[in-house]
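Work through the exercises below with the sequence and the 3D structure open. Try each task before you read its solution.

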Amino acid sequence: MKKLGLAAVAGTVIISGLLAGCSSGSSGDDANTITVWAMGEEGKALPKLAEQYEKENEGVNVKVQAIPWDTAHDKLLTAVASKNGPDVVQMGTSWMPEFVEAGALANMKDLVKDYPELDPSNFYEGSVETVQFEDGLYGAPWYVDTRVLYYRKDALEKVGYPEAPKTWDELEDASKKLAARDGDDMYGITLDTNDQMLSFMFARQNGSELLTENQEPLFDQPEFIESAEYLTNYFTEGYAPIDLGLDVVQAFGAEEPNVPMFISGPWMINIINDQMPDIEEKWGTAVLPAKENNISFLGGSNLSIFESSEKKDEAAKFIAYMSKPETQTEWMEMTKSLPSTKATWAENETLKNDEKLKTFGEQMEAAEPMPMMTTWEKVAQTYLQSFEKMYRGAATVEDEVKVFQEKAKSILK
């Protein structure tokens, strides 16, 4: 089986029959009841869709229970161990992994014929990678997350870029020119040194596979080393700040922006609009600049069926409902989450016409999850330590990458 990853989770919603410790198939449960565990803000939003589902499916009862983020993982592990688990589980793309390996999630492949909304062809290829393992289908992508370039149009135009940089060379050149502007604390771009995905995204853009088919690390290969040198250069040359403590929104929204570019996810659109409404016409989003490609990170969450569920057909029907374009559109409007289905992106007028949002759909064509393996979190955290030595000048890139390669070998063996 393909290994899975355990990293920062975008969100977890569990649709289950676990009421007061009862499993979905227990005698204490109404046979038509599906109980929903929802995380954080999603717990507040999901009841509205649950009510709609009930209206469209007479006799079905969907109960939503909010669950704190910090207890959800342990609750799932307990459910796996007791085989007293939920009917449907919605997990971040990188949280799903260990539960597939544990045999906790049902293979939904045979359910597709009855519920065509679950067909993998409905979703972006990168998202499908997070639910397909060997010959099985263990979920349906629910909402997605990827990273794009945010940029100040006015600042870029002043240094000769009427459009966003399209290549690595253009990104570096624009950053150099922006950092050379008059004024204190002027930079070209801010790069989040705590972002686990950043360096690996750039490595992939330079042609790095990261790992072999046997999950052996390729971090000491030229493609990875060159990408690490490229990123490190932004800090050593002063194109990107180190430890400056800038508020990225304030720095981006200033009349003369301290950081006219940054890389982030869709949630930043609303944050900028709320905090800096006066610059609405001065900024935009663009797909990431390319080297060999412009692959971005893919995250989000999937809806899966727990193997122990006695309501697999009902669970599949609910997941199919959540995968319909009209439902995905409503969820997007309620939560600002990006839809996972290609049809929603093609049909929704906001997604088609909003230039800033539309970028994310374009980037989804070149977006991949981090390696799907349970040890990837440790690999990524270990790299952040090595990367810090590089950009602070405590070690050369080539030497430190070799150190990291050996640490990664130890973690992955």
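**Exercise 1: a covered helix**

List the buried residues of H7.

Solution. The buried residues of H7 are Leu198, Ser199, Phe200, Met201, Phe202, Ala203, Arg204 and Gln205. Buried means under 20% relative accessible area, exposed means over 50%, and partly exposed lies in between (1.4 Å probe, protein chains only). Helices (H or I, at least four residues) and strands (E, at least two) are DSSP runs, numbered from the N terminus.

Before going on, note the ground rules. This is a predicted model, where local features need pLDDT of at least 70, side-chain atom pairs count only at pLDDT 80 or more, and totals for chains, interfaces and linings use all residues. Residues are numbered from 1 along each chain as its sequence is written, and side-chain values use heavy atoms, with hydrogens and water left out.

**Exercise 2: confidence**

State the average pLDDT of the protein, then find where the pLDDT is below 50.

Solution. pLDDT is the predictor's confidence in each residue, from 0 to 100. The protein averages 89, and 93% of the residues score at least 70. Over residues 1–28 the pLDDT is below 50. Beyond near neighbours in sequence, this stretch has 132 contacts in the model. Contact means heavy atoms within 4.5 Å.

**Exercise 3: positive phi**

Locate Gln215 and Lys336, and give the phi of each.

Solution. Start just after H7, where Gly207 takes a positive phi of about 95 degrees. Next comes the loop between H7 and helix H8 (222–236), which holds Gln215. Gln215 is not a glycine, yet its phi is positive, about 65 degrees. Because its relative accessible area is 24%, Gln215 counts as partly exposed. Now move to the loop between helix H12 (325–335) and strand E12 (338–339), the place of Lys336. Lys336 is also a residue other than glycine, with a positive phi near 65 degrees.

**Exercise 4: a covered strand**

Which residues lie on each side of E2, and which strand is joined to E2 by bridges?

Solution. Take strand E2, residues 33–39. One side carries Thr33, Thr35, Trp37 and Met39. The other carries Ile34, Val36 and Ala38. Both faces are covered, and all these residues are buried. Then look at the pairing: 7 bridges join E2 to strand E3 (residues 61–67), and the two run parallel. Two strands pair if DSSP finds at least two bridges between them. The bridge partner of Met39 in E3 is Ile67.
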